[in-house]
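Dear colleague,

I am passing on to you the structure we spoke about, with the sequence alongside. Please open it first, and then read the notes that follow it.

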Amino acid sequence: MRIVLMGPPGAGKGTQAKRLVDKFGMAHLSSGDIFRAEKAGGSALGQKLAEYMDAGQLVPDQIVVEIMAKAITSCDSPAGLLLDGFPRTVAQAEALDAQLDQAGKSLDGVVVITADEDEIVERITGRRSCPDCGKVYHVKYLRPQNDNLCDKCNVQLVQRADDTEEVIRQRLAAYNRQTEPVIAYYRGRPNVQTLFVNGTQPPDNVTADLVRGLEQLKTEM
Ligand code: AP5
């Protein structure tokens, strides 16, 4: 399966992507994770990405497409691919289509996790993650076993630079303006299934809905 995972910031894409990859075994590519790794490396490209990310704005399409095209080429496998956070504009979706077409491949489904704005703000301001393995926690909803330490790596959890309330509002505005139209773009496509899952349920229920939806999609492929 080649799947695009969409949804507003904080809807639970990263949390659920890790579970879906464990269940279905496809490769997982998160544009946000790739960009944060580049940023942490301190390269000139990383500094450029930080200008946009820390302000809650989308990185320009040309930069995104170049980075993601390389990552997809090196990652796409027979086990499938889960794209998380890409594409996020119609221009990026068109570039992805062109890349897959050229490789004789296609997208099978688009999964949208929904969530409302107040919940998103609470989730994002309470998010903590492991700087080593990337596992995501929440101070209230998905707490680590030991206070502020990763369950797997035992290192201190950190908060993302763009997880302030002010920046979240910018990210939400960018999502509504630039990413929502991507859903309409895919909905018009005959061979791409679109699945909406309610992200405002407990994490295990969201996972159950996603697994059910993807298993159904697999039978229809
Ligand atoms: P990115 O890293 O993709 O961020 P995002 O889309 O804003 O999404 P988040 O990572 O904030 O949230 P999520 O949906 O993964 O939620 P999570 O599972 O962590 O992008 C960051 C930036 O990079 C962008 O702003 C942009 O600048 C740039 N960028 C990236 N891709 C780009 C592209 N294609 N084009 C241009 N620019 C791009 O969950 C959130 C919290 O809620 C966690 O604490 C979690 O524990 C908790 N939680 C999760 N599920 C539940 C639940 N069901 N109930 C209660 N709590 C829950």
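Which helix gives the most to the shell around the ligand? In this predicted model, that place belongs to helix 2, which contributes 4 residues.

The ligand site

The ligand is surrounded by 37 residues, and the closest of these are Thr15, Gln57, Arg88, Arg127 and Arg171. Sorted by class, the shell consists of 17 nonpolar, 12 polar and 8 charged residues.

An N or O atom in the side chain of Ser31 lies 2.7 Å from a nitrogen atom of the ligand, while for Tyr137 it is a backbone N or O atom that lies 2.7 Å from an oxygen atom of the ligand. At Pro203, a polar backbone atom is 3.5 Å from a nitrogen atom of the ligand. Of the 1,000 Å² of accessible area that the ligand has on its own, the protein covers 97%. The elements that each supply two or more residues to the shell are helix 1 (13-24), helix 2 (31-41), helix 6 (117-125), strand 6 (136-138) and helix 8 (203-220).

A pair of helices

Helix 5 (residues 90-102) packs against helix 7 (residues 165-187) with the axes 8 Å apart and at an angle of about 40°, which makes helix 5 oblique to helix 7. On the side of helix 5 the contact involves Val90, Ala93, Glu94, Leu96 and Asp97, and these meet Pro181, Val182, Tyr185 and Tyr186 in helix 7. By class, this contact has 7 nonpolar and 2 charged residues, with no polar ones.

Backbone geometry

Two places in the loops deserve a look before you prepare the model for your own work. The peptide bond that joins Phe86 and Pro87 is cis, with omega at about 0°, and Pro87 sits in the loop between strand 3 (81-84) and helix 5. Asn148, a residue other than glycine, has a positive phi near 60°, and Asn148 belongs to the loop between strand 6 and helix 7.

With kind regards

Definitions and conventions:
Residues are numbered from 1 along each chain as its sequence is written. This is a predicted model: local features need pLDDT of at least 70, side-chain atom pairs count only at pLDDT 80 or more; totals for chains, interfaces and linings use all residues. Side-chain values use heavy atoms; hydrogens and water are left out. A residue is near a molecule or strand if one of its heavy atoms lies within 4 Å of it. A polar contact is a pair of N or O atoms within 3.5 Å; within protein, one must be able to donate a hydrogen and the other to accept it, and residues adjacent in sequence count only if both atoms are side-chain atoms. Accessible areas come from the Shrake-Rupley method with a 1.4 Å probe; for residues, only the protein chains shown count as cover. Ala, Val, Leu, Ile, Met, Phe, Trp, Tyr, Cys and Pro count as nonpolar, Asp, Glu, Lys and Arg as charged, and the others, Gly among them, as polar. Axes are lines fitted to C-alpha atoms, for helices over the stretch in contact, and angles run from 0 to 180 degrees between N-to-C directions. Angles under 35 degrees count as roughly parallel, over 145 as roughly antiparallel, 65 to 115 as roughly perpendicular and the rest as oblique. Contact means heavy atoms within 4.5 Å.
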